[in-house]
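Dear colleague,

Here is the structure I promised to pass on to you. Please open it beside this message, and my notes follow below.

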Amino acid sequence: MLTLTLSTGAQTKITAPKNNYSPADDVKLGREAAGEVVKELPLLNDQRLEDYVETVGKTLAAAIPPEFQHPEFRYTFDMVNQKEINAFALPGGPMFLNRGMIEAAKSEGEVAGVMAHELSHVALRHGTAQATKGQKFQIGSVLGQIAGAIVGGTAGSIISQGTQFGLGAAFLKYSREYESQADILGAQILARAGYNPREMANMFKTIESEGGGRGPEWLSSHPNPGNRYDAINREAGMLRVQGNASTGQFQDIQARLRGMPPAYTAEQIAKGQAKSNPQNTSNTGSARTSVSVAPPSSQYRASSPFSFLRVSLPSNWAEVSGGDTGITYAPEGGYRASSGRLEGVTHGFQIGVAKSGTGNLQQDTEQLVAAFAQSNPQLRRQEGYSRETVAGRTGVRTTLTNQSDITGQTEVISLATTRLNDGRLLFLVGVAPQRDAGTYNDVFKRVRQSVQLNDR
Ligand SMILES: [Zn+2]
């Protein structure tokens, strides 16, 4: 029997450019730049989406050829709630993906294509290699230059403004040589990971065809080295795709994005009109306090969340979700919701009704706390129960703390309960970050004191 094998040639060998910096420098520079990014760009912070890009990203990172793996590097993946098609990666591994890029992609392979290209810039250490060419810069002063070199566009200008050194347009984009390298290594990573490298070429076509106000941002920082599409496909012809890495979730992810309010434009972000979703599912390891939530208004308004209850609340708090156990009031940015479902509150007040257990108010309240702790494992009671009159009735009050799974910060919870006439427990819960507890405790007290019951 004769077996015919076609010679496919060898994949292109890549050599990382000369670099006077250490991988540890990359990590340091990238971490500082990421700190600027998370302060200035509106992160999406949607757990499902973060999980998705992380799944794809980790698969790709694991497929970086061993000679370009750096043990110091940590690849992390965050989504930016921005409309323009863009993605960027910082030295040492933090990657940021614009929502518009995932919305424009036609397949998961196209998303993976952009990510593999960005990972390649990181793995080949192109940022510090670029800085090596500009020897006059010292490590401490080179951050803006490097970050800008990698990022370009909105994020690039933010990072360069956030550092002491501005940067010339020459530093805002990669050289064609580095672009070629990132395309070729990106194709190799895709194949090793189990994605078709031709999808990267397709994505570049998708980006070019979007044009208008959406496409150029990425292209301006990743200029076409010439014959990009053909060069990637030629490399792809020499590569064997190993397995199939597709998660099968791409359609669901795009549907989820379509169900969200529109992304911010670069212009809105530049004007400071965009806010990060307050929930922080960050995995970049940097502390994020970018949540900007307006303080409670000194104006109050009345609300009647149940037919038998009236309450007054700061006028800038809206009812953000109904539920079978309660109603939540929160300021803009003080809660997390996805697909119309409330997932958590960082600033605000919840009013709810629970079944009675023992008939003893304090014991029933203790059971309520235990029930809350099931979905908040870090919830701790900070003090004993004290008496507090609620709507003229006997009530109890206590303070708890929780470690927010959203912001990673300590939050303080003021809980008060009283008994409804049908025996059920009425509970009043105020939530605020610990650092704002002073302000909010007074507000919560005033809200509790405003409660009127008419449940006879
Ligand atoms: Zn590039």
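Two strands pair if DSSP finds at least two bridges between them, and helices (H or I, at least four residues) and strands (E, at least two) are DSSP runs, numbered from the N terminus. This is a predicted model, in which local features need pLDDT of at least 70 and side-chain atom pairs count only at pLDDT 80 or more, while totals for chains, interfaces and linings use all residues. Residues are numbered from 1 along each chain as its sequence is written, and side-chain values use heavy atoms, with hydrogens and water left out.

With that in place, Ala87 stands opposite Leu97 in β3. Strand β3 (residues 94-98) pairs with β2 in the antiparallel sense over three bridges. The open sheet has three strands in the order β1-β3-β2, with mixed pairing. Because β1 (76-80) and β2 (87-89) each have a single partner strand, they stand at the edges, and one side of each is left without a neighbour in the sheet.

Helix α2 (residues 47-62) packs on the sheet, touching β1 and β3 (contact means heavy atoms within 4.5 Å).

As for confidence, pLDDT is the predictor's confidence in each residue, from 0 to 100. The protein chain averages a pLDDT of 80, and 81% of the residues score at least 70. Among its elements, helix α4 (residues 108-123) has the highest mean pLDDT (96), whereas helix α6 (residues 143-151) has the lowest (46). Over residues 160-172, pLDDT stays under 50. Where pLDDT is low, the predicted coordinates should not be read in detail.

With best wishes

Definitions and conventions. Axes fitted to C-alpha atoms, helices over the stretch in contact; angles between N-to-C directions.
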